[in-house]
Every structure is written in C-alpha cells, then in structure tokens.
Amino acid sequence: MARQSGYDRHITIFSPEGRLHQVEYAFQAVKKNQNMTSVALRGDDCVVAVTQKKVPDKLMEKDFVTHLYNITPNIGCLMTGISPDARALVFKAREKAAKFKDKNGYEIPVHYLALKLANVGQVYTQHAYMRPYGVNAMLFSIDDEKGPSLFQVDPAGNYFGYKACAAGTKDQEAQNALEKVIKKKITFTESETIQQAIGCLQAVMGMDFKPQDIEVGLVSKSKKGFYRLSEEEIDGALTAIAEKDS
C-alpha cells in the first residue's frame, strides 16, 4: 500500500496511519543487512556484549571485521546493521565524547552520550537531506555513579537503559531468551555474565559457536576500561558452557 501511494518516497512524509515508512525501512536494514544477531547483558559488576563475527570473503583479513568499537577508553559500543553507517556513527560519537571531555575536564557519562547519539538519529528522521543511519548502537560502560550501564540507540532516535538487550535478525527471539536469563535471579559475576550472554546467543542461533565465530566485548569493575576477549578467553567460556550443559 505504501509503495503504491508513494508515502515511502520521502523520509519526512507521514502515511495516513501516522507511520514514517523510510524510518521503518531503516529498522529493517538493521535486521537484514548483515544477517546477524547481537546481545548485551548487564551483570552485577560488568556489562557483556556478544555478536556474531562473519568474514564475508575468504581472502579477507579477519582482524578487519569487527562490530565492537571504543568510543572512549571506558565506553564500549556494539554496532549492528550497515557497517559503513556504523563507522560513521562511531566517529561522530568519538567526536562528541572528545569535545565533552575538552570542555568539562572529565569523560562523558554513557547515558549522556546515548542521548547525544539519539538526538543525531532523531534529526535525520525530520530532514529530507539525510537518510537515517541503518544501525542499532549498544553503548556500555562502568559509570562512576550508577555502576554497570547499558544503553541502546535505534535508527529513529529512541534511547533507553537496559538490563539486557538484543538487535539484528533474531532480535525478538534473543529478547525472549534474555528475559528468561534475567528471571533466573542468579548472581551475575563477570564469568557467569559472559557465559549467560554467549549461551543465550547460541540458543537463539541454534548452533555451537567456535571462538572465531563471535566477538565478545566487556566492561568490568575488575579491569579498567573497555576490552575485547581474545579467542583463548572465548574458548574458555565456550568450554565452561559446554560442561554446564553436559
């Protein structure tokens, strides 16, 4: 219907049902562009983000394929969707974070950075000269006041704080699985949170991962700053999950 009536020709035109079709298509770009799913889980003293790692070409260096980025030394970001858009949004986020630190003398809080990125996304749903970013951003950090913090920013400019969140092709199934994890009321130590997040993504995808199939990013009170788990550390977590299940 939208196609025939032309309501999706322009980003700034509402359909009679009150929908912005181009913005909805941006959400579909997040789901379908890379055909991958990401999850993030907040523990008692850490935040873990896990995503699939797909190298599109056998000749490509696998180190150049990543969806995990540093915004500041302490704020990590997991981008799901169109990779070039993700890179552009990461550079924007880094610029905003650097300007904030230059002006105020301390690092930008993660909730304020999420707000700033959401504002950028929202502006692009109003103006005809830019299309929305086809990415979903998960921002996480150990906040000085609030402790472990996880925020998600979508292409429409919504941003919310989460205990756990998902994005990508099987986001709904992943959210359902994460709800079950949160309901368990277990103690989410660092190792337990890593295992639960990876286990959740494995269950949703219906496959057993190898260490090179996934990327795991982490912020924790036990270590300073945002860091990525090495393949050896991921292998250790996968072994622990397999032992638990057996």
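In which strand is the place of Leu-139? Leu-139 lies in strand S5, which covers residues 135-143; helices (H or I, at least four residues) and strands (E, at least two) are DSSP runs, numbered from the N terminus. The model is predicted, so that local features need pLDDT of at least 70 and side-chain atom pairs count only at pLDDT 80 or more, whereas totals for chains, interfaces and linings use all residues. Residues are numbered from 1 along each chain as its sequence is written, and side-chain values use heavy atoms, with hydrogens and water left out.

Leu-139 counts as buried because its relative accessibility is 0%; buried means under 20% relative accessible area, exposed over 50%, and partly exposed in between (1.4 Å probe, protein chains only). Apart from residues up to four places away in sequence, the contacts of Leu-139 include Ile-71, Cys-77, Val-110, Leu-117 and Phe-151, where contact means heavy atoms within 4.5 Å. The C-alpha atom of Leu-139 is 6.2 Å from that of Gln-152, although 13 residues separate the two along the chain.

Strand S9 (residues 214-220) is also mostly covered, with seven of its seven residues buried. In a regular strand, side chains alternate between the two faces of the sheet. In S9, Ile-214, Val-216, Leu-218 and Ser-220 are buried on one side, and Glu-215, Gly-217 and Val-219 are buried on the other.

Two strands pair if DSSP finds at least two bridges between them. Seven bridges link S9 to strand S2 (residues 46-52) in the antiparallel sense, and Thr-51 stands opposite Glu-215. S9 is also joined to strand S10 (residues 223-228) by four antiparallel bridges, with Lys-223 as the bridge partner of Ser-220. S9 and S10 form a hairpin, with two residues between them.
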